[in-house]
Amino acid sequence: MSAPDSRRPQPWPIRVAHWVNVPLLVIMAMSGLQILAAYPMLGPQGRPAGWYPLQGVPPPEWARLGGWLAGARHWHFAFASLLVLNGAVYLLYLALSGEWRGRLFLPRRDARDAARTLAFYLRLRKHAPGQGLYNGLQRLAYTGALVLGLLAVLSGLVLYKPVQLGALTSALGGYDTARALHLGVLACLALFTVGHVVLVLLHPRSLAEMVTGGRKPDA
Amino acid sequence: MPSHVRVLQPRRLLRPTRRDLLLGGAALCLPACDSARPRAGFLGAMERFNARLEAALFDEDRLAPEPPSEELTPPGAYPQYFISETVPIAPASWTLRVGGLVTRPVLLTLEDLQRLPRSGYRLRHHCVEGWSAVASWHGVRVRDLAQAVGASPDARFVEFRSFDSGYWSSWDRPSALHAQTLLAYGMNGAPLPPEHGAPLRLYAAVKLGYKMVKYLTEVNFLPEPTGGYWEDQGYEWYAGV
């Protein structure tokens, strides 16, 4: 593995994992919404969750994949393994390469910078704080997306095997809570994606770097 | 028919949408991904992988926890499900035929079944559609029946047939012989009502609802799996939870 200071800003394993993730997340979200359409309610039978505003409202047809419940389940379970594999490879690379240092949100280091960057975006500050690859707010957002991904997998495992993975089911508050969490995580990831795409379009260089890797420091 | 039954219909079974095909292409597996023929191509290969993973995750000694009684699904809210037009009613001469690879094939009346050891559990039901419900069930464990009829170790699968328009399913032996897998003749402390499968239904902690055949007429211990009503239309065969 190359030394951290001679790497491109976006090393190739990160670029590959990032772009592989795009179709995987789309397939998981759309087949998941087709599964939700079979029972678009939260809460166990006879006790619908009062806080959920979309009780009984099926997701729109255009957002679904799989045609019917059985088809959607085949898509969802087939691609879930690939999503987990991609995530595991990504996390392993972050850990072994040391890239986690520049990418993960470390509260002591990044909290103040994240607040300043947020103030800049909200027009409460005139100047953006200086930054390297990522500022504190970006680290917070990307680390948050990783946590969401982890929660999606854990709650998904509960829905997949609520009995065989009983300890995980209890840890997440039971089957129906895990199902609500699974949908909530999807909503948060969708919001993240909207913000992510908007900001990338405002800063096209970051998109170019995620494709080419960017300039090597010594080039 | 209750409203929740409708979504199980095999709509568009042979008609993948344009979006399915486009997304299949996006996943670089066109034409190997086809929602209508999930047993072929990439989805089929992954389903076989998934079935092996599910069997590996299955622990025959793990019991599902019994939910507290306050989590019992309120009367009337527990979904009813059958494929016939109206609630199937058992003939007065109803018996359960137990056969296949057994040393003592038998015809059992409800009274015969009630003389076998009685077991009961309060369990959470997991439907393929995503909902859960809680009820208690009592009856004879399939493992006690298997012992009573002398089921051969070569019978690695158990088939359950019904008088609900021929609805049936087949199970792997370890799941069928799990300690909480019952031939239930009672629900919530009362005799099993017709809308929940009277006089006898299968109930288990370790499978999705569609595997639990109601209105039972036959239990066969077999060397090969024989599919099932929904399984043959594209739903997953193993369907463990």
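A: Happy to! A word on terms to begin with: the domain bounds used here come from an automatic or database domain assignment. Please also keep in mind that this is a predicted model.

With that in hand, chain A splits into two domains. Domain 1 covers 10–41 together with 51–98, while domain 2 covers 102–107 together with 138–214. Taken over C-alpha atoms, the centres of domain 1 and domain 2 of chain A are 10 Å apart. Where these domains of chain A meet, domain 1 contributes twelve residues to the contact and domain 2 contributes ten.

Let's stay on the domain 1 side of that contact. Two or more residues come from each of α1 (12–38) and α2 (69–97) of chain A. The largest share belongs to α1(A), which provides six residues. Sorted by class, this side of domain 1 of chain A holds seven nonpolar residues, four polar ones and one charged one.

Now turn to the partner chain. Chain A places 30 residues in contact with 45 residues of chain B. On the chain A side, α1, α2 and α7 (175–202) each supply at least two residues. Here α2(A) gives the most, with nine residues. The classes on this side of chain A come to 17 nonpolar, nine polar and four charged residues.

To tie this together, α1 and α2 of chain A feature on the side of domain 1 that touches domain 2, and α1 and α2 of chain A also feature on the side that touches chain B.

Terms used:
Residues are numbered from 1 along each chain as its sequence is written. Chains are lettered from A and ligands numbered from 1 in the order in which they are written. This is a predicted model: local features need pLDDT of at least 70, side-chain atom pairs count only at pLDDT 80 or more; totals for chains, interfaces and linings use all residues. Two residues are in contact if their C-beta atoms, placed from the backbone, lie within 7 Å. Helices (H or I, at least four residues) and strands (E, at least two) are DSSP runs, numbered from the N terminus. Ala, Val, Leu, Ile, Met, Phe, Trp, Tyr, Cys and Pro count as nonpolar, Asp, Glu, Lys and Arg as charged, and the others, Gly among them, as polar.
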